[in-house]
Amino acid sequence: MERKWWMTTNIYQIYLRSFYDSNNDGIGDLIGVKEKLPYLKDLGVDTIWISPHYDSPMDDNGYDVRDFYKVSDDYGDIRSFQEMIETARKLGIKVLIDLVLNHTSDEHKWFKIASDPKHPLYERYHNYYIWRKPKYDKENKRIRPTNWISWFGGPTWDYISDVDEYYLHIFSKKMPDLNWRNEAMKADLKKMIKYWIDLGVDGFRVDAANHLEKDWDFPDGSPGYEYFSSLPKHHDYIRELAEELFIPNNLLTLGESGGASKGEVLKYVGFDSNEFNLLIHFGHCWADMGKDNEFTTGKWSKTDLRVSEIKKSYAHQYKVVNKSGFNLLYWHNHDHPRIVSHYGNDHIYHEESAKMLAITLYFLPGTAIVYQGEEIGMTNVLYKNIEDFRDVEVFTEYENMINRGLSVKETMETIRGRCRDNARTPMQWDDSLNGGFTKATPWIKTNYNYKEINVKNQDKDQSSILNTYRYLLKLRKTDAENIIFGEVEFFNLEDNDSFCYLNKGETKDYLIIANFRDYPITIELKDLDLNQFKYFYGNRFDLKKKLKLAPYQTGVFLREKSIG
Ligand code: GLC
Ligand code: CA
């Protein structure tokens, strides 16, 4: 396998709005990122991915772009963007930005012209989006062209009376989908991508990549995902971008696509295909999702955690990419609950479970991502009122659940456990007001526990979660050969309590043994000569065929291979 720099890089995902507010207006910004780069360097990070920084009405916190060429006033300006990149460069940190290609804001000038038949450029821009004539029911009442349901919960079509047509939006109604079958639109997007490449970015995280193509027969279906997601032709669009822009400019691309089949994964990231370098997959993300029921559907429906599903998802990804591609490792991002609350335990075993999660993930082969705040064990929110939330998705789903008859109490509990705002609260830097994120009122409330959980508290404590992350990220660099390029073998894959694997490297093998539960467990390790392994890291215990592990107990053992 040809070695590439991005295989051994440690990526840190920055949720710009909530990272660090340098000018005290309550909103994180680019100078804030610049000021905290030394912190990231010290953490062991050498690539950052920044969530959308573009001008936007912030219906979906910047994923609704109003002007691709302008930095949002909330975040700074083009000067601060360049300053941030220059500082990153000096520190040896690469910068990836988010590329939103599936939709724009409804306030983007293209969409404004597209919905205004009187505009001289109407014909040109109308076709930048996806429009359909209304249907009429038996009573001759105007109805939507299809009954599809958007990823955020409501219908996917909204009506514009001036044109007497509905436009398609598979996310919020302020995010009309772009028409990728339109060559002029594509050319405009490519020009925009080139603009940011010329400004010096090292790559992109490509948002919602699998949604670019739609079924233009527009059949009914509810939710109808098969008609607007993962249609084969979206690969052509991505390959076109890769060939014309990503590959010639030597960029790193992370593509976001859920539920890709084996063939698709290889299309995205196979070394010989090269649409993207790394795929953001989701197989491990909702291992406690229940079945749809009368009150909740999809991720909102919760059941017991299936630890085996998490292991199987990773095992599956390794099998699929095998030696023909490279795998990406992460627990969660800005669209998920906080991992320590979701898969760990954010009260009595906060520290133990956060470290267990870090160790089990970062001894795996592949390229690693850390999500902002994960390195100090930031937790889910305990907001009491619906007004405390900010995410557009929360409000549609709140109504859905209440309309279906779920009590306010249970609805709030469901939202608190599953919503995206959990991952979007201000970064907790210290124990001062608002966790040191801002001196103003933050755009979203700081989490209740910032006085205990913050960078300053953990900085000097060698056994803290933060220092566990620092240690692991650095180890991934110094022993990349054995960790990042190792070959993984999971044990007891069906077991729903433990997380055990062997990562077999060039000169060393690492054995990871972890209890994923808040209760003691007993596990049996078969087919391994345990005498060959020495304790290496974690919570010390003796290796035995039959092992008793305390809640979240995690140990790493090492076998040096005799050479020659
Ligand atoms: C991606 C982003 C998410 C956003 C959506 C629409 O899934 O990660 O935050 O809401 O795309 O752009
Ligand atoms: Ca600010």
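A pocket is an open set of points, on a 1 Å grid over the protein atoms alone, with protein on both sides within 12 Å along at least five of seven lines. The space taken by ligand 1 is the largest pocket. This is a predicted model, in which local features need pLDDT of at least 70 and side-chain atom pairs count only at pLDDT 80 or more. Residues are numbered from 1 along each chain as its sequence is written.

**Ligand 1**
- Ligand 1 is surrounded by 13 residues (a heavy atom within 4 Å), and the closest are Asp-60, Arg-205, Asp-207, His-334 and Asp-335.
- This shell has 7 charged residues (Asp, Glu, Lys and Arg), 4 nonpolar ones (Ala, Val, Leu, Ile, Met, Phe, Trp, Tyr, Cys and Pro) and 2 polar ones (the others, Gly among them).
- An oxygen atom of ligand 1 lies 2.5 Å from a side-chain N or O atom of Asp-60, and for Arg-205 the distance to an oxygen atom of the ligand is 2.9 Å.
- A polar side-chain atom of Arg-420 is 3.0 Å from an oxygen atom of ligand 1.
- Of the 310 Å² of accessible area (1.4 Å probe) that ligand 1 has on its own, the protein covers 95%.

**Calcium ion (ligand 2)**
- The calcium ion is coordinated at 2.2 to 2.4 Å by Asp-21 (OD), Asn-23 (OD1), Asp-25 (OD), Ile-27 (O) and Asp-29 (OD).
- Along the chain, these donors (N, O and S atoms within 3.2 Å for Ca) follow the spacing D-x1-N-x1-D-x1-I-x1-D.
- Asp-29 counts as buried (under 20% relative accessible area) because its relative accessibility is 4%.

Technical notes. Chains are lettered from A and ligands numbered from 1 in the order in which they are written. Side-chain values use heavy atoms; hydrogens and water are left out. Donors are N, O and S atoms within 2.8 Å of the metal (3.2 Å for Na, K and Ca); water is not among the atoms, so sites may look incomplete. Buried means under 20% relative accessible area, exposed over 50%, partly exposed in between (1.4 Å probe, protein chains only). A polar contact is a pair of N or O atoms within 3.5 Å; within protein, one must be able to donate a hydrogen and the other to accept it, and residues adjacent in sequence count only if both atoms are side-chain atoms. On a 1 Å grid over the protein atoms alone, a cavity is a set of points where a 1.4 Å probe fits but cannot get out, and a pocket is an open set with protein on both sides within 12 Å along at least five of seven lines; lining residues have an atom within 4 Å of a point. A molecule sits in a cavity or pocket if more than half of its atoms lie within 2 Å of its grid points.
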